[in-house]
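User: I'm new to this one and would like a walk through it. Could you put it up so we can look together?
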Amino acid sequence: MKKLFFSLLFLFILSACSQGENIDTIEDQEENEVFSIQDVKIPDVIFISEKRNSIIDEEEIKLSIKTYLDSSEELFNAREPFQDYIDEEEEFTTEELEKLDKISKLTKENDENFSNYILNNTLPEGYEEESKRISGYITAVNEMLHEINVMFDDVMSDANEGVIPKVNLKSLISNVGAATGKEQKKIEEFLDKKSIKTKAFGRDD
């Protein structure tokens with residue numbers, strides 16, 4: 001029942017996310033190198049800025065976008081082996097759970113730091129809208145993964161054994177709307193236009 005529920009949920013998200021757009025396929029994801037949880041190293045760099053009410057020049061915003069996207073990609077890759085364990089309904093050790101919790105907290109902090117940075121400073125012409133698009137896209141993807149993990153924790157707990165958890169479809173659909181293939185394509189076109197090389201989207205060549 002649990003596997004059926006998450007399979008249906010996953011299919012729902014993929015269906016809503018595509019909306020006729022081109023999205024990364026499962027086959028594309030499987031081409032990435034897979035590590036075990038024991039090999040996972042928690043990234044030690046995330047986006048951080050204390051700037052407020054400042055005028056940001058183009059060189060700085062480019063570096064800020066690169067730092068944010070690179071750290072987002074590293075955190076996503078660090079979390080991926082845990083997602084595989086969740087999909088296979090494997091049990092985590094206390095140490096593994098602490099590592100996953102640390103990755104989740106860094107992901108949230110990374111998203112919040114970049115969002116606050118672009119909202120509280122003046123960006124160069126042509127960067128404000130696309131910086132918000134990048135922030136919204138990455139944050140939406142991370143929030144969807146977080147919600148699915150929380151639901152998995154609920155259904156796997158002894159108190160809720162066999163009980164289908166409540167699904168916040170409104171929240172999921174809202175996040176899916178910000179994380180479509182169309183949005184990713186716009187981001188990639190912007191990165192190419194501004195010559196911003198990043199580990200995200202496989203664009204660090």
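User: Let's start with the largest cavity: which helices each supply at least two residues of its lining?
Analyst: H3 and H4 each supply at least two residues of that lining, and H3 gives the most, with four residues. Helices here are DSSP runs of H or I with at least four residues, strands are runs of E with at least two, and both are numbered from the N terminus. A cavity is a set of points, on a 1 Å grid over the protein atoms alone, where a 1.4 Å probe fits but cannot get out, and lining residues have an atom within 4 Å of a point.

User: Before we go on, what kind of model is this, and how are things counted?
Analyst: This is a predicted model, in which local features need pLDDT of at least 70 and side-chain atom pairs count only at pLDDT 80 or more, while totals for chains, interfaces and linings use all residues. Residues are numbered from 1 along each chain as its sequence is written, and side-chain values use heavy atoms, with hydrogens and water left out.

User: OK, back to the cavity. What is its volume, and which residues line it?
Analyst: The largest cavity has a volume of about 40 Å³, where volume is the space filled by probe spheres set on the points, and points are joined across faces, edges and corners. Its lining consists of Ser72, Leu75, Phe76, Arg79, Thr107, Asn110 and Asn142. A search of the whole structure finds one cavity of 30 Å³ or more.

User: Stepping back, what does the chain's secondary structure come to?
Analyst: The chain has seven helices and zero strands, so that, reading from the N terminus, the order is α-α-α-α-α-α-α.

User: And how much of it is buried?
Analyst: Of the 205 residues, 39% count as buried, a word that means under 20% relative accessible area, while exposed means over 50% and partly exposed lies in between, using a 1.4 Å probe and protein chains only.

User: Where's the largest nonpolar core, in terms of elements?
Analyst: That core has 22 residues, and Ile65, Leu69, Ile134 and Leu191 are those with the most contacts inside it. The elements giving two or more residues to it are H3 (58–87), H4 (94–119), H5 (128–156) and H7 (181–193), and the largest share, five residues, comes from H5. A nonpolar core is a set of buried Ala, Val, Leu, Ile, Met, Phe, Trp, Tyr and Cys residues joined through side-chain atoms within 4.5 Å.

User: What does Ile134 touch?
Analyst: Leaving aside residues up to four places away in sequence, Ile134 touches Ile65, Tyr68, Leu69, Ile187, Phe190 and Leu191, where contact means heavy atoms within 4.5 Å. Apart from this core lies another, of nine residues, among them Ile37, Ala78, Leu100 and Leu106.

User: Switching to loops, where does Asp44 sit, and is it buried or exposed?
Analyst: Asp44 lies in the loop between H2 (26–30) and H3, and Asp44 is exposed, with a relative accessible area of 73%. Asp44 and Glu74 are 30 residues apart in sequence and 9.6 Å apart in space, C-alpha to C-alpha.

User: Which residue in that loop has a positive phi although it is not a glycine?
Analyst: Asn53, found in the loop between H2 and H3, has a positive phi of about 55 degrees. Asn53 is exposed, with a relative accessible area of 74%.

User: What about Ser195, where is that?
Analyst: Ser195 lies in the segment after H7, and Ser195 has a positive phi of about 55 degrees although it is not a glycine. Ser195 is exposed, with a relative accessible area of 62%.

Notes:
1 Å grid on protein atoms, 1.4 Å probe; cavity = no way out; pocket = protein on both sides within 12 Å on 5 of 7 lines; lining within 4 Å.
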